[in-house]
Amino acid sequence: MPRLAIILCCTAAVWAEDDGNPQAQGLDIGQTIHAIHNLVTTPPQGDKPWSEDIANLSGDDPDAQQRAIGHLIMLGPPVLPDLAVLGRDRDPLLRLRVVEVAAGIGGAAAAPVLLAMSHDPDLRIQENATLGLGRCAGPGVFERLVELHTALESELRRNAAIAMGGLGDIRALAILSNLSQESDDLVKRSEGDTMMRLAGQESAVMPLATLISQTSDVQRTILIQASMALADPRLCPVLVASLSDLQPLTVRFTAAQSLASNGDSRAWQALCGMAAEDPHDSLRAQASTTMRSLTGYPGSGEGWTVWWQNNAALAARLAPRDELFAALHDSSLPVPRSRLAQFPIEDLAPLLDAALGSGAPWWPARAWQVILADQPSRWTKLMLGQFLATGDSTDRLSLIILIDQLGGPDCRAALTAMKTDLDARCAREEQSADVGKAVPDRGAERTALRVAWQRHPAP
């Protein structure tokens with residue numbers, strides 16, 4: 001019967017290990033299970049729900065094998081002890097299917113099976129087990145991936161790099177930043193992709209900044225490249241330091257590039273100096289491009305010297321605000337309401353832009369949390385002003401929703417002003433339709449205003 005099959009498999013596996021052969025070479029465990037299962041037509045009461053799937057996984061029918069793989073994955077961790085037994089079978093194709101099931105289950109429970117299979121003598125099984133470890137967690141997983149990342153086989157190194165990305169362990173940044181030493185282009189590409197994936201986590205920002213400050217030359221350049229799309233000003237100080245004349249040209253150029261998304265007023269002086277005076281054409285051009293991105297000013301060359309002279313006082317005024325914004329990117333820190341009150345609402349306006357969807361992936365929700373901690377009346381006026389100034393239906397709809405959620409004593413008056421503006425705008429747009437212009441659909445705005453109006457009745 002199937003239960004007896006499992007017992008026999010376990011006994012055979014133990015016998016094989018006692019005989020000094022942990023892979024049980026010469027033992028056809030899978031076929032034993034399948035043969036015994038075929039002798040039994042009616043399983044006894046209390047049999048494991050997955051016994052038939054274990055038998056089919058070990059059998060010769062490809063369709064039954066695929067069904068068994070799907071069923072076993074859905075059953076999850078309880079099947080893993082039986083999979084560990086099948087993992088010692090002499091049939092490499094069965095062992096490969098075991099890896100597929102264990103990887104599909106994933107999590108900490110599957111780690112021991114996949115760790116064991118990552119030592120399999122068959123390279124295909126090692127490769128698939130390595131990928132599977134990226135879906136796991138627990139002791140030894142990261143360390144094994146680090147070990148596999150140094151393997152002679154390029155496919156193992158590549159799969160280890162991919163799995164590090166799946167694992168999400170930011171310790172991999174330091175290891176993968178040595179990708180310049182890799183000889184295989186496909187491995188390099190996977191290492192770069194994983195670095196971008198890991199660097200995109202909120203928890204990776206400060207470790208990434210530390211690594212940038214502690215490394216040099218090629219490794220530092222690679223780490224800065226991984227920061228390009230983060231849009232997190234916590235990186236600004238270390239990137240400004242990387243603009244120094246003491247750094248290699250590639251580090252300085254890459255840092256100037258990264259500051260376009262990660263910089264703020266604290267980078268203006270260094271970038272202006274580079275844009276106006278650096279002897280390298282490429283650095284002057286990149287610094288100018290970054291400054292145009294940060295400030296909106298269409299300057300170039302020596303023009304940035306004049307611009308800085310005119311805006312040095314503004315930079316000094318904005319630097320404390322930008323330091324606060326950078327600190328607020330850490331969502332684990334409490335919002336310092338007293339510090340927000342020190343700034344005029346116009347200086348805090350970038351928080352509203354962030355709440356509408358700009359910046360790092362975690363920044364919009366965090367910016368809204370900061371706004372909610374401040375005085376509502378300050379923000380209601382700012383939001384209403386932006387609503388009246390824009391014709392973009394998506395932005396207007398978002399601002400209606402934000403004012404509704406913000407509430408406060410000025411909410412209903414702001415909603416009234418919004419409705420008046422919407423009626424007037426719709427009338428103008430209908431008139432323009434007479435001359436062949438398309439009329440924007442404002443139905444979503446009207447619906448949102450109606451719902452918000454009901455939520456905030458007159459006192």
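Let's start with contacts along the chain, where contact means heavy atoms within 4.5 Å. Among contacts between residues at least 6 apart in sequence, 66% join residues at least 24 apart. Please keep in mind that this is a predicted model, in which local features need pLDDT of at least 70, side-chain atom pairs count only at pLDDT 80 or more, and totals for chains, interfaces and linings use all residues. Residues are numbered from 1 along each chain as its sequence is written, and side-chain values use heavy atoms, with hydrogens and water left out.

Now, what is the chain built from? It has 26 helices and zero strands. Those are DSSP runs, numbered from the N terminus: helices are H or I with at least four residues, and strands are E with at least two. How much of the chain is buried? Of its 459 residues, 46% count as buried. Here buried means under 20% relative accessible area, exposed means over 50%, and partly exposed lies in between, with a 1.4 Å probe and protein chains only.

Let me show you two helix pairs. Axes here are lines fitted to C-alpha atoms, for helices over the stretch in contact, and angles run from 0 to 180 degrees between N-to-C directions. Angles under 35 degrees count as roughly parallel, over 145 as roughly antiparallel, 65 to 115 as roughly perpendicular, and the rest as oblique. The way α4 passes α6 is right-handed. As for that word, a crossing is left-handed if the near helix is turned anticlockwise from the far one by less than a right angle, and right-handed if clockwise.

Which residues make the contact between α4 and α6? From α4 we have Gln 65, Gln 66, Ile 69, Leu 72 and Ile 73, and from α6 we have Arg 97, Glu 100, Val 101, Gly 104 and Ile 105. Sorted by class, this contact of α4 with α6 has five nonpolar, three polar and two charged residues. The classes put Ala, Val, Leu, Ile, Met, Phe, Trp, Tyr, Cys and Pro as nonpolar, Asp, Glu, Lys and Arg as charged, and the others, Gly among them, as polar.

The second pair is α13, residues 205-214, and α14, residues 217-226, whose axes come within 8 Å and cross at roughly 155 degrees. That angle is why α13 and α14 are roughly antiparallel to each other. Their crossing is left-handed. On the α13 side the contact uses Leu 208, Leu 211, Ile 212 and Ser 213, and on the α14 side Arg 220, Leu 223 and Ile 224. The class count for α13 with α14 is five nonpolar, one polar and one charged.

We meet Arg 220 again at Gln 247. Leaving out residues up to four places away in sequence, Gln 247 touches Arg 220, Ala 241, Ser 242 and Arg 252. You will find Gln 247 in the loop between α15 (236-241) and α16 (249-262). Is Gln 247 buried or exposed? Gln 247 is buried, at a relative accessible area of 19%.

On to salt bridges: a side-chain nitrogen of Lys or Arg within 4 Å of a carboxyl oxygen of Asp or Glu. How many are there by this rule? The count comes to 24 salt bridges.

One of them joins the side chains of Asp 82 and Lys 48, at 3.2 Å from N to O. This pair links distant parts of the chain, 34 residues apart: Asp 82 sits in helix α5 (residues 80-86), and Lys 48 in the loop between α2 (29-38) and α3 (51-58). Asp 82 is buried, with a relative accessible area of 5%, while Lys 48 is partly exposed at 34%.

The closest N and O atoms of Glu 147 and Arg 144 are 3.2 Å apart. Glu 147 is partly exposed at 46%, and Arg 144 is buried at 9%.

I'll finish with a network: Arg 396, Asp 421, Arg 425, Glu 429, Arg 442 and Glu 445 are linked by salt bridges.
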